[in-house]
Amino acid sequence: MPPARKKKVGVLALQGDFEAHEKALARAGAEPVQVRSTADLQQVDALIIPGGESTTMMKLMEEEKLLDPVRDFARQHPIFGTCAGAIVLASGVSGPSQPSLGLLDIDVERNAYGRQLDSRIARLRPEGVGDPLEAVFIRAPKIRRIGKDVKVLASYDGDPVLVEQGRHLVATFHPELTDDPRVHLMFLSKIP
């Protein structure tokens with residue numbers, strides 16, 4: 001029997017810390033692919049939208065004509081958004097408001113934990129991953145509302161910080177900044 005094909009996971013590489021996600025995906029056994037165009041998107045099984053600056057990311061996606069292709073991709077394939085990626089995937093954004101893709105039925109508040117100085121590392125106990133994991137929060141958004149089809153997988157100080165809706169996953173923290181592959185493995189398990 002031939003070996004199973006490695007899952008090809010795209011990482012939106014327009015802005016933000018996409019290289020850390022590439023390394024995390026490689027540690028988790030996937031093949032990372034930088035996505036900068038619709039042609040790149042057509043080559044992958046799933047997509048990660050990394051942390052960075054969500055307003056800039058949305059503008060660059062619009063300039064590269066990726067907004068509708070990513071929405072179309074989401075109908076068939078899993079997408080994982082971390083920090084700014086969570087903002088990009090949300091239905092509603094405040095603090096201040098901005099456009100988003102509206103792919104998850106959540107509302108988020110930008111930079112809700114405070115400024116860069118207020119960044120922190122917390123221990124979380126996500127559902128189904130066993131031992132606690134380290135979560136790095138950097139100018140993180142807070143999920144202020146979740147829709148009825150959204151499942152909370154982990155919370156911090158009473159706020160959801162890791163949620164899923166169908167095939168999509170959102171973390172308000174940065175799992176790619178630790179050596180623990182469990183959150184990325186959780187995402188990879190969503191790829192058929």
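Select strands E5 and E6, which pair in the parallel sense over three bridges; strands, like helices, are DSSP runs numbered from the N terminus (helices are H or I with at least four residues, strands E with at least two), and two strands count as paired if DSSP finds at least two bridges between them. Within this pair, Gly92 stands opposite Asp107 in E6.

The model is predicted: local features need pLDDT of at least 70, side-chain atom pairs count only at pLDDT 80 or more, and totals for chains, interfaces and linings use all residues. Residues are numbered from 1 along each chain as its sequence is written, and side-chain values use heavy atoms, with hydrogens and water left out.

**The three-stranded sheet**

The three strands form an open sheet in the order E5-E6-E9, with mixed pairing. Strand E5 (92-94) and strand E9 (142-146) are at the edges, each with a single partner strand, so one side of each has no neighbour in the sheet. The twist averages 20° from one strand to the next; axes are lines fitted to C-alpha atoms (for helices over the stretch in contact), and angles run from 0 to 180 degrees between N-to-C directions.

**The seven-stranded sheet**

Next, select the seven strands that form an open sheet of mixed pairing, in the order E2-E1-E3-E4-E12-E11-E10. Here the edges are strand E2 (31-35) and strand E10 (151-156); each has a single partner strand, so one side of each is left without a neighbour in the sheet. Within this sheet, strand E4 (residues 79-82) and strand E12 (residues 168-171) pair in the parallel sense over three bridges. Phe80 stands opposite Leu169 in E12.

Now select Val35, which lies in strand E2. Val35 is buried, with a relative accessible area of 1%; buried means under 20% relative accessible area, exposed over 50%, and partly exposed in between (1.4 Å probe, protein chains only). Among the residues that Val35 touches are Gly10, Val11, Asp40 and Leu47; contact means heavy atoms within 4.5 Å. The C-alpha atoms of Val35 and Val9 are separated by 9.3 Å, although these residues are 26 residues apart along the chain.

**Helix H3**

Proceed to helix H3 (residues 54-63), whose buried residues are Ser54, Met57, Met58 and Met61. Seen down the axis of H3, they fall within an arc of 100°, so they line one face of the helix; the arc is that of the directions from the helix axis to the C-beta atoms. Strand E1 (8-12), strand E3 (46-49), helix H4 (67-74) and helix H5 (84-89) are what the buried residues of H3 pack against. On the other side of H3, Lys59 and Glu63 are exposed. Just after H3, select Lys65, which takes a positive phi of about 55°.

**The nonpolar cores**

Which residues have the most contacts inside the largest nonpolar core? They are Ile49, Ile79, Leu101 and Ile106, in a core of 32 residues. A nonpolar core is a set of buried Ala, Val, Leu, Ile, Met, Phe, Trp, Tyr and Cys residues joined through side-chain atoms within 4.5 Å. E2, E3, H3, H4, H5 and strand E6 (106-109) each supply at least two residues of this core, and H5 gives the most, with five residues. A second, separate core of 29 residues includes Val9, Val11, Val183 and Met186.

**A last stop**

Finally, select Asp45, in the loop between helix H2 (38-41) and E3. Asp45 counts as buried, at 17% relative accessibility. Its contacts include Arg5, Lys7, Phe73 and His77.

Key: Lists of a residue's contacts leave out its neighbours within four places in sequence.
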